[in-house]
Amino acid sequence: MPTIKDSELAEGSMKAVRLKGKPILLVKFGGEVYGVSNYCPHAGCTFQGGILTGCIVMCPCHGWKFDVRNGQYQEIPQVKLDCYRCKIENGKIYVEIPRG
Ligand code: FES
């Protein structure tokens, strides 16, 4: 489903959106847009205000770091954020939300 304009998300930045009730963090890295759940599995913080370094977002609450390309927590790869497939089309960012 369509979200924000592509021009609203600069390279190397992130933006929080809510789609079908799900909090999602959009990140642009290397010209691609990645979507992950905007809910830290450690203690439930959101990632706005955290630090984005390349494709790694650091949670602002206690510093857990996640790779937005696959959602993996850097210390324990089995701990993952949900990932949402994104594409840029006609100047807009689209996010695929699985049914259910
Ligand atoms: S809530 Fe994210 S690191 Fe603690």
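1. In this predicted model, the largest nonpolar core has 15 residues, of which Leu 25, Phe 47, Val 57, Phe 66 and Val 68 touch the most other members. A nonpolar core is taken here as a set of buried Ala, Val, Leu, Ile, Met, Phe, Trp, Tyr and Cys residues joined through side-chain atoms within 4.5 Å, where buried means under 20% relative accessible area, exposed means over 50%, and partly exposed covers the range in between (1.4 Å probe, protein chains only). Two or more residues of this core come from each of strand 3 (22-29) and strand 6; helices (H or I, at least four residues) and strands (E, at least two) are DSSP runs numbered from the N terminus. A second, separate core of 12 residues includes Leu 9, Ile 24, Leu 26 and Val 95. In soluble globular proteins, nonpolar side chains tend to be buried together.

2. On conventions, residues are numbered from 1 along each chain as its sequence is written, and side-chain values use heavy atoms, with hydrogens and water left out. As the model is predicted, local features need pLDDT of at least 70 and side-chain atom pairs count only at pLDDT 80 or more, whereas totals for chains, interfaces and linings use all residues.

3. Val 68, one of the residues named for the largest core, touches Val 27, Tyr 34, Val 36, Cys 55 and Val 57 when residues up to four places away in sequence are not counted; contact means heavy atoms within 4.5 Å.

4. A search of the whole structure finds 1 disulfide, defined as a pair of cysteine sulfur atoms within 2.5 Å. It is formed by Cys 45 and Cys 61, whose sulfur atoms are 1.8 Å apart, and with -95 degrees about the S-S bond the link is left-handed. The pair links distant parts of the chain, 16 residues apart, with Cys 45 in the loop between strand 4 (32-37) and strand 5 (51-53) and Cys 61 in the loop between strand 6 (56-58) and strand 7 (65-67). Cys 45 counts as buried at 18% relative accessibility, whereas Cys 61 is partly exposed at 36%.

5. Among the other cysteines, Cys 83 has its sulfur 9.4 Å from the closest cysteine sulfur, in Cys 86, which is too far for a bond. Cys 83 is partly exposed at 40% relative accessibility, while Cys 40 is buried, with a relative accessible area of 2%.

6. An open sheet is formed by 3 strands in the order 1-10-9, with antiparallel pairing, and two strands are said to pair if DSSP finds at least two bridges between them. Strand 1 (2-5) and strand 9 (86-89) are the edge strands, each pairing on one side only, and the twist averages 30 degrees from one strand to the next. Strand 9 is joined to strand 10 (residues 92-95) by 4 bridges, and Glu 89 stands opposite Lys 92 in strand 10.

7. Lys 80 lies in the loop between strand 7 and strand 8 (83-84) and is partly exposed, with a relative accessible area of 48%. Not counting residues up to four places away in sequence, Lys 80 touches Asn 70, Gly 71 and Gln 72. Lys 80 and Gly 54 are 26 residues apart in sequence and 18 Å apart in space, C-alpha to C-alpha.

Terms used
Axes are lines fitted to C-alpha atoms, for helices over the stretch in contact, and angles run from 0 to 180 degrees between N-to-C directions.
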